[in-house]
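Good morning, and thank you for joining.

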Amino acid sequence: MKTTTDLRITPKRLGLIEVETFCERCFWYRLHLRFREPFSFFGGAIFKNMEQAEMAIIGAFLEKDGKLPKEFAPFCEVVGRVEYPRHWTKYKYVLDSGVELYGEPDDIFEFADGSIAVIDHKTAQAKGVGDPLLPCYEIQVIGYGFIAEFGLLLGEVSRGGLLYWSANHEIVIAEPDKFYRNQKLWMPFTPKPHPIAIDYKRLEAPLKRAVELWEAKTPPARTEKCQDCQKFDALLAIEAEVQKQLNLNDQIVLSGTGNNSWALNQVTRRAYIETSARSSAMRDLLDEASDLTFASDGVMANWEAGYDGGF
Ligand SMILES: [Zn+2]
């Protein structure tokens, strides 16, 4: 193995290594293939909107009271927000090993003693210690803290945590007319903090494993226990078929125009649209026939957008 590596990874991806059902073959493929999945798992916009609303609530409390109400314990004593670069290209830290840890947290707060807290908002039911993804989230927050403290020199990270915002859909379902007012559905969300101890030593093992998998030129052997590996293989086969066909069509179009750049641009755009459309049609078909959903606590379903084209 090389002494330095060019691995670039987000703390969340790193954290997947710590999940009990971790599959190193899935992880290897996710690291090595610039695989832009033709399927999406979440309605991204609504989560983004929720996060903006959650941050606005926090901001309003800090402005009005200079602290947070008791339900935000142990983060009540924060005195303000810390300014930091809110972009993955700037929120990063290159370790001595060569690993570039990148990816920014949702919020960083400051305490009166000058230390800071790194927070990730989760619009989800707070499962707490029973959540199989909790070790992943812990590494995620510790990793953000590591970048904040040593990469960006924002201050000592004395605390970290998740701030769950859990939908109270049960009470809405029980009494719908109470929650429909002025032509709007008012869905209540309850904040529930989950503190995470900032122990940077916990980053060592997953960093070592991630580098090993990044430097490995061939994928780890398939294990029988990982269902995601089988599903992923099926998707790869479909994707390869689609690409082969598209490339052939495009070659014909391009050679007819003498390979000019306008034609190349058009072909690229059309290829993208066609790939997306075919893949989503294929997914619908497969969804009906069999369960092609990746495990909710696995590498595949939780791979965060990043340098490999997810943005
Ligand atoms: Zn797998």
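The protein chain contains eight helices and 10 strands, where helices (H or I, at least four residues) and strands (E, at least two) are DSSP runs numbered from the N terminus. Please bear in mind that this is a predicted model, in which local features need pLDDT of at least 70, side-chain atom pairs count only at pLDDT 80 or more, and totals for chains, interfaces and linings use all residues. Residues are numbered from 1 along each chain as its sequence is written.

Of the 311 residues in the protein chain, 26% count as buried. A residue is buried if 20 or more other C-beta atoms lie within 10 Å of its own, exposed if 12 or fewer, and partly exposed in between, with C-beta atoms placed from the backbone. Two residues are in contact if their C-beta atoms, placed from the backbone, lie within 7 Å. Among contacts between residues at least 6 apart in sequence, 75% join residues at least 24 apart.

Let me turn to the strands. Two strands pair if DSSP finds at least two bridges between them. β3 runs antiparallel to β4 (residues 100-102), and three bridges join the two; Tyr93 has Leu101 in β4 as its bridge partner.

Elsewhere, β6 (residues 116-122) and β7 (residues 157-167) run parallel and are joined by seven bridges. The chain crosses from β6 through α4 to β7 in a right-handed β-α-β crossover, that is, with the strands pointing away from the viewer, the path from the first strand over the helix to the second runs clockwise. β7 also pairs with β10 (residues 189-196), in the antiparallel sense over eight bridges.

Which residues touch the most other members of the largest nonpolar core? In this core of 54 residues, they are Cys26, Phe27, Ala117, Val118 and Ala210. A nonpolar core is a set of buried Ala, Val, Leu, Ile, Met, Phe, Trp, Tyr and Cys residues joined through C-beta atoms within 7 Å. Helix α4 gives the most to this core, with nine residues. Beyond its neighbours within four places in sequence, Ala117 has contacts that include Phe75, Val78, Ile108 and Gly160.

Finally, some backbone details. Most residues other than glycine have a negative phi, and most peptide bonds are trans. The bond from Ala73 to Pro74 is cis, with omega near 5 degrees, and Pro74 is placed in the loop between α3 (44-65) and β2 (78-81). Leu153, in the loop between α4 and β7, has a positive phi near 50 degrees. Leu153 counts as exposed, because 7 C-beta neighbours lie inside 10 Å.
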